[in-house]
Amino acid sequence: MTENRESATPARQPGLPELRPVGESPLQPSAPQARPQARNDHELPRDRSQAILEAAKQIGALLKRKGHRFALAGSVAVYAHGGSGHLQHDADFCVRRADAEAVARTLAEAGLTVRTPPEDWLMKTTCLGQDVDFLFELAHRPVTTDLLALAQDVPLDSVHMPVLPPTELMRGLVEAFSEHYCDFGPALAVARALREKVDWEDVRASCGSEPMPAAFFFLLERLDVIAPREEPR
């Protein structure tokens with residue numbers, strides 16, 4: 001769930017469509033024959049969370065229709081698995097880096113402006129006035145075919161789409177903790193919402209020995225979100 005925002009148009013990267021200014025309307029077709037699937041700005045839901053949800057549904061339906069491999073991630077994925085409907089910042093989709101060019105072309109054909117920020121692990125667009133991020137990495141791990149294969153077909157309200165499973169969503173949050181980033185608040189809310197659906201031993205085995213993840217697991221145990229780990233005798 002990324003929070004970076006760009007105020008200037010970044011340089012074009014090879015293989016992606018020519019970028020348009022950030023302030024340009026994302027619903028304006030890039031060519032006369034293009035017809036975007038998103039609704040006009042004046043039809044946006046007044047509630048921010050609902051607007052993010054609608055944007056995720058629009059993008060997910062578009063990617064499905066074009067046959068792209070992807071998985072919904074971030075706070076919208078948590079919501080799809082039964083978490084809070086208070087969505088954070090944007091909608092996130094995981095795609096393989098090798099598929100970035102094809103996904104960017106699909107977005108551009110739908111009249112959506114593709115942006116490539118300085119960070120080389122994602123690209124961005126705007127739909128229904130909301131930021132949508134396409135992640136090539138999760139907590140510094142590349143999005144792979146194997147990761148996308150774990151996605152579960154879950155209804156996001158009325159739209160079915162592949163969604164990362166709770167264990168992978170939690171793993172991505174915990175693996176991101178470091179000495180430079182250790183805001184446990186959002187991850188704690190997700191842990192409480194999805195605790196019955198997460199394979200905690202799997203997550204702990206992959207990152208629980210690192211200092212900040214270990215501190216987070218200790219907090220979860222003290223708050224009775226998860227059971228204490230049994231120490232070997």
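**Exercise 1. Describe the overall make-up of the protein chain.**

Solution. The secondary structure of the protein chain consists of eight helices and eight strands. The model is a predicted one. Of the chain's 233 residues, 49% count as buried. For contacts with a separation of 6 or more, 65% are between residues 24 or more positions apart.

**Exercise 2. Classify the ring pair F177 and F216 as stacked, tilted or edge-to-face.**

Solution. A pair of aromatic rings is described by the distance of the centres and the angle of the planes.

Step 1: distance. Two rings pair if their centres lie within 6.5 Å. The centres of F177 and F216 are 5.3 Å apart.

Step 2: angle. Planes under 30 degrees apart count as stacked and those over 60 as edge-to-face. The planes of F177 and F216 stand at 55°, so the pair is tilted.

Step 3: F177 sits in the loop between α5 (166–175) and α6 (184–194), while F216 belongs to helix α8 (residues 211–222). The two are 39 residues apart, and their pair links distant parts of the chain.

Step 4: burial. F177 and F216 are both buried.

Notes:
Residues are numbered from 1 along each chain as its sequence is written. This is a predicted model: local features need pLDDT of at least 70, side-chain atom pairs count only at pLDDT 80 or more; totals for chains, interfaces and linings use all residues. Side-chain values use heavy atoms; hydrogens and water are left out. Rings of Phe, Tyr and Trp (its six-membered ring) pair if their centres lie within 6.5 Å; planes under 30 degrees apart count as stacked, over 60 as edge-to-face and the rest as tilted. Helices (H or I, at least four residues) and strands (E, at least two) are DSSP runs, numbered from the N terminus. Buried means under 20% relative accessible area, exposed over 50%, partly exposed in between (1.4 Å probe, protein chains only). Contact means heavy atoms within 4.5 Å.
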